[in-house]
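Here is a short report for a first look. Keep the sequence and the 3D view open while reading.

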Amino acid sequence: MTKAHHPPTGGFRNPWGDDATQGLRSIFKWKVIDRFTRPPARAPDPAPFPVAVPSFPVPRAPLDRLVLTWVGHATFLLQVGGLNLLTDPIWSERASPVQFAGPRRRVAAAVPFAGLPPIDAVLLSHNHYDHLDDRTVRRLAAAHPQARWLVPLGLAPFVRQRGARDALELDWWEETRVGELAIGCTPARHFSSRGLGDRNRTLWCGWSVAAPARQVYFAGDTAYHPEFAAIADRFGPFHAALLPIGAYEPRWFMRSVHMNPEEAVRVYQDLERGRPPIAGRVALMVAMHWGTFQLTDEPLDEPPKRARAAWRGAGFDPNRLWIPTHGESRTI
Ligand code: ZN
Ligand code: ZN
């Protein structure tokens with residue numbers, strides 16, 4: 001595969017050539033100028049979303065099953081191939097460098113931290129605060145010291161400095177093993193930064209996790225791009241695709257970093273198009289990255305409505321779209 005995402009000047013970039021600027025000028029336009037020139041977005045529904053009582057197997061799921069539990073936002077407990085994995089874990093109250101300001105959780109983490117089963121691996125997609133939380137990394141490293149941390153290029157020092165003993169960096173398309181699992185690092189169209197002057201110094205990615213009986217894809221934080229079919233060719237086909245459906249307005253700013261629900265359905269189509277049926281494979285789309293933190297301008301409850309409408313519009317089997325309730329588990 002090409003290394004077009006490695007610019008000669010260092011750091012990383014999206015190789016698809018059409019990135020809008022999302023620098024300070026764009027943030028100023030979105031957060032300041034637009035506030036005075038456009039009608040405000042409808043206030044989000046203040047009613048909390050329903051929260052399910054978690055019902056995942058403890059300590060582990062059967063070898064031939066995949067159990068998905070949505071903790072909230074992009075945090076999932078994945079139980080696959082007899083191992084327990086977490087994606088982009090955040091248990092903190094705010095997705096922010098400080099806990100007195102920044103986006104606050106609208107729904108508490110739906111699995112209590114102390115109720116987690118033994119964690120064998122943690123998958124990180126990138127360094128934004130809603131995906132990489134300092135305090136959660138420290139808590140996990142202390143409570144689950146045996147976990148292997150799989151991170152995109154440049155992020156291993158961050159987790160090692162917070163106590164992770166076993167951290168491995170991967171580039172897009174690289175693969176490693178954790179026990180019986182083959183875990184692949186996939187391209188994503190996004191960016192990284194946690195502060196001033198660190199833009200795109202570390203990589204962003206998604207992950208595929210393949211056990212002998214089940215394969216799952218976690219897209220991370222990504223805009224639409226042309227390589228989802230290639231991801232399924234290389235690492236699929238998948239029994240479940242965890243795709244972000246929230247944080248998409250305003251489009252002029254977000255379209256190059258986050259997909260909207262219609263694009264998420266298109267990604268599912270890209271992943272599935274032309275795949276021969278395999279007995280027992282259901283190819284579930286699992287919606288994530290919504291309903292937890294108010295990061296952008298669309299109402300917090302809009303993404304699932306639009307995802308369901310786009311799914312119906314595409315003519316897909318309604319049983320193959322799963323928009324979990326916070327805390328809900330499903331076994332595949
Ligand atoms: Zn992000
Ligand atoms: Zn995000």
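## Overall build

How many helices and strands are there in the chain? The model, which is predicted, has seven helices and 14 strands. The radius of gyration is 19 Å, close to the 20 Å that the globule rule gives for 332 residues, so the chain is as compact as a globular protein of that length.

The C-alpha atoms fill a box of roughly 55 × 45 × 40 Å along the principal axes. Of the 332 residues, 58% count as buried.

Strands of a sheet pair through backbone hydrogen bonds, either parallel or antiparallel. Strand 2 (residues 75-80) and strand 3 (residues 83-87) run antiparallel. Four bridges join the two. Within this pair, leucine 77 has leucine 86 of strand 3 as its bridge partner.

## The zinc site

Which protein donors hold the zinc ion (ligand 2)? They are Asp130 (OD), His131 (NE2), Asp221 (OD) and His289 (NE2). These donors lie 2.1 to 2.3 Å from the ion. Along the chain they follow the spacing D-H-x89-D-x67-H. The angles among the four donor atoms run from 84 to 154 degrees, and the site is irregular. Tetrahedral would need all angles between 85 and 135 degrees.

Histidine 131 and aspartate 221 come from distant parts of the chain, 90 residues apart. Histidine 131 sits in the loop between strand 4 (121-123) and helix 2 (134-143). Aspartate 221 sits in the loop between strand 10 (215-218) and helix 4 (228-235).

## Buried or exposed?

Are histidine 131 and aspartate 221 buried or exposed? Buried means under 20% relative accessible area. Histidine 131 is at 0% relative accessibility, so it counts as buried. Aspartate 221 has a relative accessible area of 2%, so it is buried too.

Methods
Residues numbered from 1 in each chain as written. Chains lettered and ligands numbered in written order. Predicted model: local features only at pLDDT ≥ 70, side-chain atom pairs only at ≥ 80, totals over all residues. Heavy atoms only, no water. Pairing = 2+ DSSP bridges. Donors = N, O, S within 2.8 Å, 3.2 Å for Na, K, Ca; no water. Tetrahedral: all angles 85-135°; square planar, octahedral: opposite > 155°, others 65-115°. Buried < 20%, exposed > 50% of the residue type's maximum accessible area, 1.4 Å probe, protein only. Rg over C-alpha atoms; globule rule 2.2 N^0.38 Å.
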